[in-house]
Amino acid sequence: MKLKYLYLILLLVASLFFTISWAYSTQPKVINILMPAPFADSTSDLIKRYNDEHRQNIQIKVTRGPRETEAVSDLAISSLLLGRSSFDLILMDVTWLPKYAAAGWIAPLDSFIEKADWESLALGARIGNSYKGKIYRWPLAADMGLLYWRKDLMKNPPRTPEELIDISLKLQNEGKVNYGYVWQGRQYEGLSCVFLEILNGFGGKWINNSGDVSIGSNQSKEAAKWLRDLIDTGVSPNAVTNFSENESLQIFSSGQAALMRNWPYAWAELQKPSSVVKNKVGVTTMVAKKGYETTSTLGSWGLSILSTSDKKEESYNVISYLTSEDAQKELFEKNGYTPTSTSIFKNEKLIKDFPILNALGNALEVAKPRPQTPLYAQLSDVLQRELSSILTENKNINDSMNKAKEKTSQILLASGEIE
Amino acid sequence: MNKKMNIIIGSLIIWSIAPLAWQLYTSFSSPEALVEPFSQIKNRWTLENYIQVLTADPPFWKYLLNSTIVGLTTTFITLLFAIPAAYSLSKLKPIIAKSARLILFGAALFPYVLLFLALLEFARYLNIGNNLIALSIPYSALSMPLAVLLLSSAFKDIPKDLEEAARLEGLGIFQRLRWILIPLIAPATSSTAILIFLFSWNEYPIALTWISKNDLLTLPVAIARIAGSSVYSIPYGAYAAATVLGAMPLLLIVLLFQKQIVSGLTQGAIKG
Amino acid sequence: MILLLLLPATVLIALIFGIPLIRYAWISTHAFSVITGLELVPNQGANWLRLINDQRFWQDTFQTVRFASLSVSIELLLAICIALILDQKWRGRGITRAISLLPWALPTTIMALGWRWIFNTPFGPIDQIFNIVGIESINILSNPNITWIATVIADVWKTTPFIALILLAGLQSIPNDLYEAFRLEGGKPIQAFFKITLPLLRPYILLAVLFRLAQAFGVFDLIQVMTGGGPASSTESLALYAYLNAMRFLDFGYSATLMLGSFFLLVIACILSWIIISRFQYQLNEEKT
């Protein structure tokens, strides 16, 4: 008896599947995009307009992924690992690209891209889209680390590490602020981003161009020491070692700090009525030692076509639409997404309405990516651990950075990156 | 029956129910009430969370259906394999049966989450990802050790003479199983079946790696995917509604089959 | 013929349990990651070398052992009390048993999400109560020193009923005459507990502890949904780390190595707890004589 019912259920389920797949085959071409929830929300107007215009032939369907960056990637990877993915396009963070490209999951875009279009991109926006000489991603929104400073407390922002400490201590001694400088010191990806900027500012490298591990260099030790000095001298609060972007922003927007390291999204938050420092904030890039260039860590999101998609041509058209200059303008005005085209950074009217645009353009010029290797997540984890132990447990900087180097090499060796 | 005892029992019940009750309370709370759970607010109650969950794409009942499908097929396959195996085990020489039991016991203990990677390769190799029926293959294997152990001890309890008499009547092994033995172990079978069903209904890591299509997710994975967002600024009311809806079927199962579940677990302990 | 009946089940078990372990042993001696294009390339034990030097692996081992031992011990203590209560006859026993069984029957992910909301700062009830009482908020889910305790609480809530039921079965198998005889000899109830109940309960305790220890060692659902392993991977379990290596870092070689490594550690842990509980029994016997 029981058996019969089970077969009945199986039959019902099977027929349901067939009906659904048949129904799908007769509809217009659907381009399925996986996006993190915030992006799905901010692009919904653009996509609605596109779908209205292309009612007959193409429809964009957005799969609203989770909010958290890594959770979106987990979702995409789990469908890619099974071999059949229902997505055509995926909105990717800059750090995922080498991994996806090396796994062969995303298709090179070189054959679609017009040279003139590529050259219309700001220099910083061109970085982080390629792997082994091929372009795999078109940027939707740029993102880079910025130094926010209080215009009412200082004439000019600090440009060197020494100046930063001097200005902070002076303001703290005068009692104008509780803290000099707030940043992201918790053991997480943000700490790697903070460190990369300082490391470059001290003339150091994480992994140099030929793929050698140079994290144990003297420059890296100086950079780590400077971060610890920030806490030891009281320029940064002890609690900074538990700060992510949000906590830093809270302290800064309540007027308790003179300087903050954060991403462009913070600007809009600081202009809200609830912010004590509204209209008192300037934006620049991170400090660097004399003789070295200032750097800002490149964030940025972009669209890639999955290799398994059988609608690559149409997908590329969708990319072009979503990253057109009009779309960039709209996303910048409504959501504060940093544009990617040079021409927008030169748009006089836009600069007048949004003075921050200049600073964003400058920062994008000096943006540098994090190491572009498929193993980035593991390497970053090693660095975060060692830095965190330096900052919170007062571990010997020399030992910790040497350890970081050794472990980084071990990861590269075990995964087959180096023989 | 004294006062102290009452207090202990009372706290046991509260401890078991309080987190669930809080979910229930949250699921009916409006966004304003969520933020200030203990203050006086005008618009405290709402059904909005449930409407949101039930009208989402795919609607929530789809996940319940998926989990039920996997649960039923797994239970069926497992019993189909486990009953003959358990019978056979109860007839083996004691020394062999004992070592077989030990191996089964070890397998039942094994934290199967450690198998997920190989099982994922398996799914990819055979191209059976995103398939609810295929998902019941690993599930059946994972619940097999416990099922065989439980059922074989039930077979052992059947008096030898009974089967012997049937054999003398000229019944073959399958006939004996079908007409004499299986009806006799029906109580053990039903408690085993419910334990298997509960296991496959609740299983998470394998489903997480085998199913990626939104409309095929089983309940635990769907819930976890809902949770895959940051702790801050997420619509917890809707999540709570989802957890309440997801808990309902199990609440029913536990209340209806309480006896079977308890005897399944305890039989396992006594004979295992 | 009779062996033939055993065949399908054996094949299925061997397929799903046996082959993966062999496969892991093979993979763990190879580089098998996104770097190698998801091909197997021998790497002369580099995975195992990395495992031994991997701070995160040892931290996760520490965390897993800490989580497993604390939650299993609390569960055991609570379960003995619950089992003793449920062993007596009183009105409403059936319904109480059903209610206390409920946490065990629910999918872990459902209540992991629930606990996340309960421990949430600042909107969760715990934080709100702290607020009302006037205790400063302790950020339960973002303080690396505290979060793991929250996960233990959630685990205790869920799995105590399971142990309690197993122990209850044990209690019910103890003949009443023994207690009767002990009482007639002038023994006190508390002595009866240590001299009769506990020794006779030992096999059940051993069973429950081994079972729970193995499960807690492989804890995954609860951690992944409740904390995601954070903050700063302070609640990350071995299983979660292995999962992340495969699904996030696409390093299958190292993931397989981690899983085999955890498996060996688990075997050691089981043997150790077996010895400890047997010793305990031995001591009890000594006392008795």
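How many of the 5 residues of E7(A) are buried? The points below begin with that strand and the sheet around it, and then turn to chain B.

1. This is a predicted model, and the predictor assigns the complex an ipTM of 0.89 and a pTM of 0.86. For chain B the average pLDDT is 86, with 94% of the residues scoring at least 70, and for chain C the average is 87, with 97% of the residues scoring at least 70.

2. To take up the opening question, 5 of the 5 residues of E7(A) are buried, so this strand is largely enclosed by the rest of the structure.

3. Strand E7(A) belongs to an open sheet of 4 strands in chain A, in which the order is E8-E9-E7-E10 and the pairing is mixed. At the edges stand strand E8 (179–182) and strand E10 (281–284) of chain A, each of which has a single partner strand, so that one side of each is left without a neighbour in the sheet. From one strand to the next, the twist averages 15 degrees.

4. The two partners of E7(A) can be taken in turn. Strand E7 (residues 146–150) of chain A is joined by 4 bridges to strand E9 (residues 257–262) of chain A, and these two run antiparallel; here A:Trp149 stands opposite A:Leu259 in E9(A). Packed on the sheet is helix H11 (residues 245–253) of chain A, which touches E7, E8 and E9 of chain A and whose direction makes about 155 degrees with that of E9(A).

5. In the contact between them, domain 1 of chain B takes part with 8 residues and domain 2 of chain B with 7 residues. On the side of domain 1 that touches domain 2, helix H1 (3–27) and helix H2 (31–35) of chain B each supply at least two residues, and H1(B) gives the most, with 5 residues. By class, that side of domain 1 of chain B has 4 nonpolar and 4 polar residues, and no charged residues.

6. Between the chains, 17 residues of chain B are in contact with 15 residues of chain A. Helix H4 (60–91) and helix H6 (116–126) of chain B each supply at least two residues of the side of chain B that touches chain A, and by class that side has 7 nonpolar, 8 polar and 2 charged residues.

7. One stretch of chain B calls for care in reading: over residues 229–233 of chain B the pLDDT stays under 50, and for this stretch the model has 11 contacts beyond four places in sequence.

Notes. Residues are numbered from 1 along each chain as its sequence is written. Chains are lettered from A and ligands numbered from 1 in the order in which they are written. This is a predicted model: local features need pLDDT of at least 70, side-chain atom pairs count only at pLDDT 80 or more; totals for chains, interfaces and linings use all residues. Two strands pair if DSSP finds at least two bridges between them. Axes are lines fitted to C-alpha atoms, for helices over the stretch in contact, and angles run from 0 to 180 degrees between N-to-C directions. Two residues are in contact if their C-beta atoms, placed from the backbone, lie within 7 Å. pLDDT is the predictor's confidence in each residue, from 0 to 100. Ala, Val, Leu, Ile, Met, Phe, Trp, Tyr, Cys and Pro count as nonpolar, Asp, Glu, Lys and Arg as charged, and the others, Gly among them, as polar. A residue is buried if 20 or more other C-beta atoms lie within 10 Å of its own, exposed if 12 or fewer, and partly exposed in between; C-beta atoms are placed from the backbone.
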